[in-house]
Amino acid sequence: MKYVIYKLKNLSLIKYIINWGRICSMWPVHLTTACCSVEFAALSGPRYDPERFGWLAAVGSLRQSDVLLIEGTVTAKMAQRVRLIYDQMPEPKWVIAMGACAISGGLYAKDSYNVIQGIDDIVPVDVYIPGCPPRPETLFQGILMLRDKIMNEVIR
Amino acid sequence: MVKEEVRSLEIYETGPTLTFSMGPQHPGTGHFRMIITVVGDIVVRCDPDPGFVHRGEEKLCEYKTWITNIPHLERPAILDSAGLVYPYVLAVERLMGVEPPERAKYLRVIMAELQRICSHLYWLGLMGVFAGHATMYMWCFGDREYLVDLTQLIGGQRITHSYFVPGGVRNDAPSKVPTELVKDFRRYYRMMLGKDYPGGEVPEDFRKYVLAVCDFFDTRLDEYYPMLLDSPIFIYRTKGVGVLKREDAISLGVVGPVLRGSGVKSDTRIDEPYDAYPYIKFNVPVMDGCDSYSRMMVGYYEMKESVKIIKQAVEQMPEGPVKLKQHPITIKVPAGEVFASAEAARGQCSFYIRSDGTDRPYRVKICSPSFRNLTAMPYLIRDVRIADIPIIYWSLNYWPVECDR
Ligand code: SF4
């Protein structure tokens with residue numbers, strides 16, 4: 001039975017419609033981990049207006065969210081909260097790592113004793129957005145890449 | 001693991017009080033956690049729990065050279081990056097016994113004030129959101145982009161420029177503004193003010209362009225006043241909320257708009273003038289309401305003063321070099337110790353630096369304004385309603401990264 005439902009869901013038209021619905025209403029979690037959040041705030045402003053790409057305002061609670069955007073440095077103290085937040089989000093969920101810090105520890109990778117060297121140890125990452133901080137345009141590219149990724153996903 | 005920690009703080013305590021944790025994932029607090037105890041919806045106790053972004057900046061300084069310290073030192077207060085490296089650069093210059101060229105002094109002042117406005121706009125916008133006024137966010141962030149463009153024009157990056165270096169600034173301001181930027185600004189001017197730029201064309205000359213943006217922004221500031229700061233909702237939510245009396249403000253050692261909002265006239269730019277500030281005339285706004293409203297209004301009037309400072313600095317700026325000739329990548333600083341402070345957007349920021357004569361600091365200690373304002377938080381978030389917490393929190397203009405360093 002499960003197999004039949006799985007096959008039905010992944011008929012190309014149904015799959016397309018479900019994925020299209022998902023990319024048109026991406027709810028990010030408002031998880032500010034460090035300084036990259038300034039550019040994330042600028043992204044939500046009127047010049048960039050991310051809603052035209054289906055990126056909703058970051059005010060939702062975790063239980064209605066589907067994108068976790070990690071805005072920069074994750075320290076040892078923050079790491080467990082990041083995982084907790086990720087675990088509280090419903091399926092399906094995606095993760096974007098924003099900034100050099102979230103990708104690899106960035107400026108603090110080598111010398112700092114408290115910074116996690118890349119969040120892929122804690123949560124699975126779908127899209128990496130490089131920069132320190134990334135410009136809002138770069139964030140847009142990340143969002144578009146995530147949309148492409150979701151569009152090709154298999155429905156479970 | 002988190003649950004264990006929560007239990008040890010006697011959270012989920014039963015009885016007349018309830019203790020819970022607010023943050024670090026909360027739209028109202030950002031990356032900061034408060035442990036709040038309430039009776040009904042009245043807060044009886046607030047224990048701040050900072051340190052979620054502690055990256056060990058001070059220790060990091062000991063591994064990096066004098067110059068390579070600059071980029072990471074502006075990260076703690078990224079929306080006011082000039083304010084935080086300013087005292088560092090002043091301290092290093094004092095240790096080296098050098099003084100930057102005149103033009104560099106003015107360029108530094110322009111940059112620092114532009115960043116102060118950007119930071120205050122961020123503050124005002126978010127304060128608007130938490131007072132239930134999302135339009136303010138949109139207005140502030142829309143206008144902020146044009147000031148960010150200006151800093152990008154001077155420093156080369158949107159918000160992190162590493163523009164200040166010991167002995168001057170990294171590069172000179174451009175003489176001409178790109179045409180696209182001018183066109184974009186002209187369009188925005190028409191859209192926001194409902195009329196064309198006086199005289200038709202926005203000037204492409206750098207000085208004139210800065211003056212044009214300043215004039216535009218000054219007009220917009222006047223429009224903010226009836227929109228948010230004079231609106232009954234905002235007044236009702238902020239007046240008399242989070243009262244920090246003058247004596248308490250002094251004894252707690254708060255700085256910046258928080259101190260000035262409590263009626264104390266104290267500003268490093270006036271008390272210990274540095275660089276070009278002695279040549280510039282400006283006022284220090286002080287309000288004696290001691291509440292969230294006063295603090296916000298001080299921020300608002302400071303933006304007006306910053307516009308004045310930028311205008312004067314642009315007009316008075318002389319020609320000439322912008323950094324000292326003897327300026328290799330690895331400078332050596334003579335042994336000694338120095339203390340320097342500057343007025344960042346959130347208040348006085350101080351650096352204590354010790355050098356042992358090598359190419360990197362022996363010890364750097366940062367006393368950041370948010371760290372000093374944090375002390376006021378448990379005093380203010382007490383005997384208020386839960387709904388007032390974000391208002392008080394944002395009226396302190398607290399930036400967790402700057403506090404945690
Ligand atoms: S990548 Fe840069 S801007 Fe982003 S959090 Fe790290 S240091 Fe801050």
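**Ground rules.** I used a predicted model, where local features need pLDDT of at least 70, side-chain atom pairs count only at pLDDT 80 or more, and totals for chains, interfaces and linings use all residues. Residues are numbered from 1 along each chain as its sequence is written, chains are lettered from A and ligands numbered from 1 in the order in which they are written, and side-chain values use heavy atoms, with hydrogens and water left out.

**Aromatic pairs.** Tyr146(B) and Tyr188(B) have ring centres 4.3 Å apart and planes at 25°, so they are stacked (planes under 30 degrees apart). Tyr146(B) is in helix 6 of chain B and Tyr188(B) in helix 7 (residues 179–193) of chain B, so the pair ties together parts 42 residues apart in sequence. Helices here are DSSP runs of H or I, at least four residues, numbered from the N terminus. Tyr146(B) is buried at 4% relative accessibility, and Tyr188(B) is buried at 8% (buried: under 20% relative accessible area, 1.4 Å probe, protein chains only).

I also noted one aromatic cluster, formed by Tyr86(B), Tyr163(B), Phe164(B), Tyr274(B), Tyr277(B) and Phe282(B).

**Charges over rings.** I checked for NZ of Lys or CZ of Arg within 6 Å of a ring centre and within 35 degrees of the ring normal. The charged end of Lys77(A) sits over the ring of Phe52(B), 4.6 Å from its centre. Arg220(B) has its charged end over the ring of Trp139(B), 4.5 Å from the centre.

**Ser162(B).** I found Ser162(B) to be buried, at 18% relative accessibility. Beyond neighbours within four places in sequence, Ser162(B) contacts Ile70(B), Pro71(B), Glu74(B) and Arg170(B) (heavy atoms within 4.5 Å).

Notes:
Buried < 20%, exposed > 50% of the residue type's maximum accessible area, 1.4 Å probe, protein only. Phe/Tyr/Trp six-rings, centres within 6.5 Å; stacked < 30°, edge-to-face > 60°. Helix = DSSP H or I, 4+ residues; strand = E, 2+ residues; numbered from the N terminus.
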